Amino acid sequence: AILNPSPAAERAAADALLDVAESISPVVEERAPGCVWLDLTGSSRFYRPSDAVHDTHDTHDTVATVTVEESLAAELMRRARRVGLEAAVGLAAGKEIARLAALCGGARVIEAGREREFLDWVPLDLLDLGLNARGDDLELVLKRLGLRRLGELARLDARAVGSRLGSRGAELMRLARGEDSDRIAM
């Protein structure tokens, strides 16, 4: 089946996603159709996590506590499904880390202070690296250097990466080290 893109349908889906986000938080920012950020500051007052989730998949009955953030992420996914959307949710202190968490699929919560733990295993091909100032394909350059994950990049000397890959390399290095300071625009 060949489907022609429908700008009106794509905009309607993006608007539905914005409505879902605004049903949780009044502070929402749209990056591009299909990608939104919301500030969850204070939202936890309205959502109580279920006290525990029982796991009976094995012979040992285990109980896992659900955090407020995990509860909010699950609620966002439920609300998206109610309007006919499949969403991936990433929660983190910074926008880029939250975006990477969402790209991993499902609902992922990256707790403050644990960003590096998450970023260490993120594959570089998950990122849209683009070109550096000299026009080199950054993904290809990094693969030639034997780098496959953000954690491997984070262990390199930042000055060497910046001089070899330019400002885009320095920006990528900050992300690899968990220095994502981009916040929601209010």
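1. The charged end of K95 lies over the ring of W37, 4.8 Å from its centre; a charge sits over a ring if NZ of Lys or CZ of Arg is within 6 Å of the ring centre and within 35 degrees of the ring normal. The model is predicted: local features need pLDDT of at least 70 and side-chain atom pairs count only at pLDDT 80 or more, while totals for chains, interfaces and linings use all residues. Residues are numbered from 1 along each chain as its sequence is written, and side-chain values use heavy atoms, with hydrogens and water left out.

2. Helix α3 covers residues 95-103 and is largely enclosed by the rest of the structure, because 7 of its 9 residues are buried. Helices (H or I, at least four residues) and strands (E, at least two) are DSSP runs, numbered from the N terminus. Buried means under 20% relative accessible area, exposed over 50%, and partly exposed in between (1.4 Å probe, protein chains only). The buried residues of α3 are K95, I97, A98, R99, L100, A101 and A102. G105, which follows α3, has a positive phi, near 90°.

3. The largest nonpolar core has 23 residues, and F118, L127, L142, L150 and L153 touch the most other members. Such a core is a set of buried Ala, Val, Leu, Ile, Met, Phe, Trp, Tyr and Cys residues joined through side-chain atoms within 4.5 Å. Two or more residues come from each of α3, α4 (115-119), α5 (138-144), α6 (150-154) and α7 (158-176), with α7 giving the largest share, 6 residues. Another core, of 18 residues, lies apart from it and includes I24, L72, L76 and L91.

4. Which residues does L150 contact, leaving aside its neighbours within four places in sequence? They are L100, L119, D120, V122, L124, L127, L172 and A176, where contact means heavy atoms within 4.5 Å.

5. The structure holds 1 aromatic pair. F118 and W121 form this pair edge-to-face, 5.6 Å centre to centre and with 90° between the planes. Rings of Phe, Tyr and Trp (its six-membered ring) pair if their centres lie within 6.5 Å; planes under 30 degrees apart count as stacked, over 60 as edge-to-face and the rest as tilted. F118 is buried, at 5% relative accessible area, whereas W121 is partly exposed, at 36%.

6. The disulfide count is 0, a disulfide being a pair of cysteine sulfur atoms within 2.5 Å. C35 is partly exposed, with a relative accessible area of 21%, and C104 is partly exposed at 24%.
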